[in-house]
Amino acid sequence: MVLLPGKSIMHSMMNRRTLNRRITLLTLLLMLVAVAQAQDGSAQKITESAVWKIPATFLAGAHKACDSGPASEFNICFITQMTKAGAGDDAVNFTRTLFQGNGGDVGILTGFHAVGPVDIGWVTYPLRANTNYGLLLLNGKPRIVEAEDLKHLDHKGLEQSAQFQDLKEQFPKVDVWPGDRDGKTWPTAQNDSDGGLQFTIGYPLINGCHACAHEGTAIFNWNFDEKGKFKGTQFIGMTQ
């Protein structure tokens with residue numbers, strides 16, 4: 001004779017299966033949330049902990065360790081040397097994230113200023129021949145906005161300006177260039193009339209080449225809404 005489980009045993013088994021299904025569904029839900037956070041950049045806020053003051057001996061030591069390896073692996077090797085030179089995990093992770101997002105340019109966060117909801121960061125590019133400092137707008141949407149990425153600038157507003165048109169007549173090759181940042185002078189931040197945030201940033205107007213004469217400064221507002229979403233830039237004037 002085969003004994004069938006009693007009702008209490010059957011009920012217990014059913015409850016266990018239901019619980020397991022719920023745990024599985026909850027696990028999948030948490031995984032989806034994690035993926036969504038990673039995709040929109042909200043998984044981890046960039047803070048002062050990502051700043052690393054580069055030791056004076058780091059650059060020479062990194063070159064010594066990496067120059068003899070394959071050229072295609074140099075940048076990855078260079079970033080690995082940060083850990084060996086004492087950089088914290090947040091600093092190394094920031095450099096890796098920036099490297100993956102900017103097309104392979106190695107940058108190290110060397111300054112941070114909390115504003116909220118968007119913050120300001122200085123980045124040092126130790127392998128560049130020129131413009132070794134860059135300005136970043138952090139923790140908004142997108143998580144990292146490079147202020148030296150000139151495609152974001154309001155070129156139409158600049159070119160329609162009577163000031164710029166007059167300058168162009170005198171210096172036909174003049175154009176806006178990435179800023180020669182010093183890593184110390186923070187841009188002005190202010191709230192706009194809609195409750196959003198503006199950063200006022202100047203860019204040199206240079207007559208043809210990096211070493212050519214500076215003919216003025218073009219000033220733009222970088223605009224974010226109250227939740228930190230980037231809305232674009234607006235040309236607001238020139239100085240000479």
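Reply: A pocket is an open set of grid points where a 1.4 Å probe fits, with protein on both sides within 12 Å along at least five of seven lines. Keep in mind that the model here is predicted.

Me: How much space lies in the second largest pocket?

Reply: Rolling a probe the size of a water molecule over the atoms shows where empty space is left. In this structure, the second largest pocket holds about 170 Å³.

Me: Which residues line the second largest pocket?

Reply: The lining consists of Gln 44, Lys 45, Ile 46, Thr 47, Ser 49, Ala 50, Asp 90, Asn 93, Phe 94, Thr 97, Arg 143 and Ile 144. Sorted by class, four of the lining residues are nonpolar, five are polar and three are charged.

Me: Which helix gives the most to the lining of that pocket?

Reply: Helix 4, residues 89-101, gives the most, with four residues.

Me: How does helix 4 pack with helix 3, and at what angle?

Reply: An angle over 145 degrees between N-to-C directions counts as roughly antiparallel. Helix 3 (residues 74-84) packs with helix 4 at about 165°, and the two axes are 9 Å apart. Helix 3 and helix 4 are therefore roughly antiparallel. Their crossing is right-handed.

Me: Which residues make the contact between helix 3 and helix 4?

Reply: From helix 3 come Asn 75, Ile 76, Ile 79, Met 82 and Thr 83, and from helix 4 come Ala 91, Val 92, Thr 95, Arg 96 and Phe 99. By class, this contact has six nonpolar residues, three polar and one charged.

Me: At what angle do the axes of helix 2 and helix 3 cross?

Reply: The crossing angle is roughly 130°, and the axes of helix 2 (residues 58-66) and helix 3 come within 9 Å. That angle makes helix 2 oblique to helix 3. Helix 2 passes helix 3 in a right-handed crossing. The contact is formed by Phe 58, Leu 59, Ala 62, His 63, Ala 65 and Cys 66 of helix 2, with Phe 74, Cys 77, Phe 78, Gln 81 and Met 82 of helix 3. Nine of these residues are nonpolar, two are polar and none is charged.

Me: Which peptide bonds are cis, going by omega?

Reply: Most peptide bonds are trans. Here the bond from Gly 116 to Pro 117 is cis, with omega near -5°. Pro 117 sits in the loop between strand 1 (108-113) and strand 2 (119-124). Another cis bond joins Lys 141 and Pro 142, with omega about 5°. Pro 142 belongs to the loop between strand 3 (133-138) and strand 4 (144-146).

Me: What is the phi of Asn 139, and where is Asn 139 found?

Reply: Most residues other than glycine have a negative phi. Asn 139 has a positive phi, near 75°. Asn 139 is in the loop between strand 3 and strand 4, where Pro 142 also lies.

Methods:
Residues numbered from 1 in each chain as written. Predicted model: local features only at pLDDT ≥ 70, side-chain atom pairs only at ≥ 80, totals over all residues. Heavy atoms only, no water. 1 Å grid on protein atoms, 1.4 Å probe; cavity = no way out; pocket = protein on both sides within 12 Å on 5 of 7 lines; lining within 4 Å. Points joined across faces, edges and corners; volume = space filled by probe spheres on them. Helix = DSSP H or I, 4+ residues; strand = E, 2+ residues; numbered from the N terminus. Nonpolar A, V, L, I, M, F, W, Y, C, P; charged D, E, K, R; others polar. Axes fitted to C-alpha atoms, helices over the stretch in contact; angles between N-to-C directions. Parallel < 35°, antiparallel > 145°, perpendicular 65-115°, else oblique. Left-handed = near helix turned anticlockwise from the far one by under 90°. Contact = heavy atoms within 4.5 Å.
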